[in-house]
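Please keep the sequence and the model in view while reading.

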Amino acid sequence: MNTIEKFNEHVMQTYGRFPLVVEKGSGVCCVGEDGKRYIDFGSGIGTNSLGYCDDKWADAVCAQVRSVQHTSNYYYTKVQADFADMLCNAAGYSSVFFGNSGAEANECAIKLARKYSFDKYGRNRHNIITLVNSFHGRTLTTLSATGQDVFHNYFFPFTEGFVNVRANDIDDLKARLDDTVCAVMLEYVQGEGGVIALEQDFVDTVFKLCEEKDVLVIADEVQTGVGRTGKFLAGDWFGHKANVTTLAKGLAGGVPIGACLAGDKCADVLTKGTHGSTFGGNPIACAGGKAVIERVTGDGFLESVREKAEYIKTELLKINEVDSVSGLGMMIGIKLKTKNAADVVGKALENGLLLLTAKDKVRLLPPLTIEKSDLEDGLLILKKILEE
Ligand SMILES: *Cc1c(COP(=O)(O)O)cnc(C)c1O
């Protein structure tokens, strides 16, 4: 029995997978079980932010594994203290709760927002506005938060208390931002929804109205955060700091992690016994996270991400089949004129290039550390496929 047959015999079939068994990797490339090399323009799924098995990152993670791999949250670890300090400084936040995934980070943000409001205003101010076409995770509550009907099936009853507003529709926002609302949750660039950045006007209005009404803004930066867009947070492009920001995907370079960051106003809302996670703040994850933050906040790093992003965009727009390019920094959506995105991703795999999709677009989330020469090689493959 080969690996894929063995895999499918026991692993629940919840994903549509491509026929590639990833065995190892280095830099931008991974190597399949068959020995074939692939340039990975998805960096896992925005997770391997420093590429595969970056030396410094791997050394930090391995050293941590050999020192202490886990302890309960009844005790302290230095690595979590150091990581929390670095992360809060880099992101400009006062406090952080660590979980293990994006959905968990968002669950924490939702609990925090509801408790913030409950503490100040009591019951019945629990609604959270999320945007149509958003994606916030796969737990029951984050599915409720997700503003796409396709996710609201089978698993009834869902968590109550989420209200959807159309992205960039200020009138819709105003109509629904009543005194039952405790938070507005948004992705500055909708990722799974098709790599679509919000409009500055809309974001400005959200922040202004929320400030006036003491409604918290939660930025889901699970995909956009930690340098992905060429700023440490995507919010930096918009000139706003959300009260709460969630991070996950690229935060620890490929080890499971989630973080919910809170600003001054709501830094102390979650008190003893109100939230927890067995693995949250795991030392291995924190060691990986430290290595990522060190790199991303290093001299010239974010500038180089912005430069490479411009280069990718320019090169893509030279391809006739490319209709338009969306997104921010190295979070890129490609709208095609005639070809089907999923077909292109399949073709690319056959040609040694890993791509992602987002709705009807081809999506790129290359490792932030990608070298120009690897970018050129990958883009050449993509160009060939698109011009076939
Ligand atoms: C991926 C993603 C999530 C969910 O993260 P998980 O780690 O899969 O739970 C939530 N929000 C956004 C914006 C994402 O891109």
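Predicted model: local features only at pLDDT ≥ 70, side-chain atom pairs only at ≥ 80, totals over all residues.

The phi angle of Asn133 is near 80°, a positive value in a residue other than glycine.

A cis peptide bond joins Phe156 and Pro157, with omega at about -5°. Pro157 belongs to the loop between helix H6 (140-145) and strand S6 (162-165).

The next topic is the ligand. Which residues surround the ligand? They are Ser101, Gly102, Ala103, Asn106, Phe135, His136, Gly137, Glu187, Asp220, Val222, Gln223 and Lys249. For some of these residues, individual atom pairs can be described. An oxygen atom of the ligand lies 2.8 Å from a backbone N or O atom of Gly102. A polar backbone atom of Ala103 is 2.7 Å from an oxygen atom of the ligand. With Phe135, the ligand atom concerned is a nitrogen, and a polar backbone atom of Phe135 is 3.3 Å from it.

The remaining topic is the packing of helices. Two packed helices are described by the angle between their axes and the distance between the axes.

Consider helix H4 (residues 78-91) and helix H10 (residues 283-296), whose axes come within 9 Å and cross at roughly 35°. Their crossing is left-handed. On the side of H4, the contact is made by Val79, Gln80, Asp82, Phe83, Met86, Leu87 and Ala90, and on the side of H10 by Pro283, Cys286, Ala287, Gly289, Lys290, Ile293 and Glu294. The residues of this contact divide into 9 nonpolar, 2 polar and 3 charged.

Helix H13 (residues 372-387) can be followed through two such pairings. In one of them, the axes of helix H11 (residues 301-317) and H13 come within 11 Å and cross at roughly 25°. Angles under 35 degrees count as roughly parallel, and H11 and H13 are therefore roughly parallel to each other. H11 passes H13 in a right-handed crossing. Lys308, Tyr311, Ile312, Glu315 and Leu316 of H11 make the contact with Lys372, Leu375, Glu376, Leu379 and Leu382 of H13. Sorted by type, the residues of the contact comprise 6 nonpolar, no polar and 4 charged.

In the other pairing, the axes of helix H12 (residues 341-350) and H13 come within 10 Å and cross at roughly 125°. H12 and H13 are therefore oblique to each other, and their crossing is right-handed. The contact involves Val344, Lys347 and Ala348 of H12 together with Leu382, Ile385 and Leu386 of H13. Its residues divide into 5 nonpolar, no polar and 1 charged.

Conventions: Residues numbered from 1 in each chain as written. Heavy atoms only, no water. Axes fitted to C-alpha atoms, helices over the stretch in contact; angles between N-to-C directions. Helix = DSSP H or I, 4+ residues; strand = E, 2+ residues; numbered from the N terminus. Parallel < 35°, antiparallel > 145°, perpendicular 65-115°, else oblique. Left-handed = near helix turned anticlockwise from the far one by under 90°. Contact = heavy atoms within 4.5 Å. Nonpolar A, V, L, I, M, F, W, Y, C, P; charged D, E, K, R; others polar. Near = heavy atom within 4 Å. Polar contact = N/O pair within 3.5 Å; in protein donor to acceptor, adjacent residues only side chain to side chain.
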